[in-house]
Structures are given as structure tokens and as C-alpha cells.
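This report describes a few local features of one structure. The sequence and the structure are shown first.

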Amino acid sequence: MTGPVVSLRAVSRTFQVGPAPVAVIRDVSLDVERGDSVAIMGPSGSGKSTLMNLIGLLDRPTSGSVIIDSTDVARLSDDERSKLRGRRIGFVFQSYNLLARYSALENVQLPLVYAGVARRRRLHLAGQALEVVGMAHRVRHLPSQMSGGEQQRVAIARALVCAPPILLADEPTGALDSRTGSEIMELFSFLHRSGRTVIIITHDAGVAAKCRRTVRLQDGRIMPDLDAIEADMAAIAGAVA
């Protein structure tokens, strides 16, 4: 299948706050190619989390189209959207969102429980996912027995376990120290090289620099790519010379 794996066309999202509507995302158009690595970067209040929710099918746009793998999700029922999200998108969050009373293995297998996978098969797949992220030695440990970096690795394994082609991460290093954050970004780079599409929401320029492309968001709008503009101008200047 060719073409973008994620495509937004003139997407806006407005919330009603008191008597007045507030536009959080404004006329955003964006393509993410299959196998790309993209950072969506912006300050607090720029609309990053709202845009993530729209890409992740956790919210619906007020106007415009969100297309995942050539499917316009506006045409889908809530149940169809949920199934598409479960098959195509793996989520990683800043706060890990692991269940405190479940072991690493039990946390990772949860998406497979919801997908109706048989117990023996899901335990096998969960173990494989933990091995991929370097956590095979911690399968029986509870979140409270793991460091922040280890918990995030388990959360990434949970996002991988259904083999989604898209990984969508919201500030995945925000709760980690710089060294551990760098290790987590190296893991995302490895997963990208393995063929997955990686989209990371961040305010951190260091995190964005680890991605192949950076999309900057300001006041709900995508800002011009100044690096690309400068590269084009340099190329034109070289051709003229």
C-alpha cells in the first residue's frame, strides 16, 4: 500500500468554553508517510495534545478529514473507530499508564485480552514484546519494582504487542532524567529503523532532533518549515550560480 499512513486535511477542533467557542486546532493539513519518524513540537497550549487525540482517533475534528491507511475515519462508527485504533495505532504516554497490581507481562498482554487473543498466545506475544524492548528479565515485576525508564519500556512493549504500524507517543521522555530519556529515544529510533511509523508529541528540541522530521505547532496551526525553506533557497542559489 502506498501513500501516507496518516493524512489530515484542513482539520480544525473547536471546544465550547462558556459562551464562546475556542479554536484549539486551526485548519491543519499534514501527511505522515509510512515508515517516517515525525516529531510534533510546540510549547504548552499550542494544541499538541489535541492534535495527538485527533491522529490517535481519541477525538473527532470539528471540521476536516482524518485519514488512516486510506480510510476516512469520519465515515466510521465509534465501534469501527475503536477497532481501527486497536489494529493500527500503539500509544505511549508520559505517565506510563501501567496498572499497579499487574506484572510487566500482565500489563503488556492487556491489549490482546481486548482483542480476544487466547491466553497462551497472548502470553507468548507479550513475552516477545518485552524481549524487543530489553525487559525480558522483568516480566514478573510490578511497576513499583521498576525504575521510570523500565516502566516506559514496558509501556512501549504494550504499545507494540498488537503489531500496529503506527506508534504515537505523547512526551515519552517527559518524566525521565536526561540519560534515561536518551535511552528511550534510542529505542524509538530502533523501532523506526525496524519499519514502524513513529509520531512523537514533544516540547523538547532534543527529542525532536532524534526524529527524521519536525512539525512545529503554534496556536493550533502548523508553522512553515524554515529549515526546508532555507534548503530550497540554497539549492536555487546554487543552481543560479
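## Helix α2 and its cover

The cover over the buried residues of α2 includes β4 (63–68) and β6 (89–93), where contact means heavy atoms within 4.5 Å. Helices (H or I, at least four residues) and strands (E, at least two) are DSSP runs, numbered from the N terminus. The model is predicted: local features need pLDDT of at least 70, side-chain atom pairs count only at pLDDT 80 or more, and totals for chains, interfaces and linings use all residues. Residues are numbered from 1 along each chain as its sequence is written, and side-chain values use heavy atoms, with hydrogens and water left out.

Helix α2 spans residues 78–88, and Arg81, Leu84 and Arg85 are buried in it. These residues lie on the same side of α2 because they cover an arc of only 100 degrees around the axis; the arc is that of the directions from the helix axis to the C-beta atoms. An α-helix has 3.6 residues a turn, so residues three or four places apart point the same way.

## Asp78

Asp78 also belongs to helix α2. Asp78 counts as exposed because its relative accessibility is 58% (buried means under 20% relative accessible area, exposed over 50%, partly exposed in between; 1.4 Å probe, protein chains only). Between Asp78 and Leu58 there are 10.0 Å from C-alpha to C-alpha, and the two are 20 residues apart in sequence.

## Positive phi in two loops

Leu57 is not a glycine, yet has a positive phi of about 65 degrees. Leu57 sits in the loop between α1 (48–55) and β4, and is buried, with a relative accessible area of 2%.

Asp219, not a glycine either, has a positive phi of about 50 degrees. The loop that holds Asp219 runs between β9 (213–218) and β10 (221–222).
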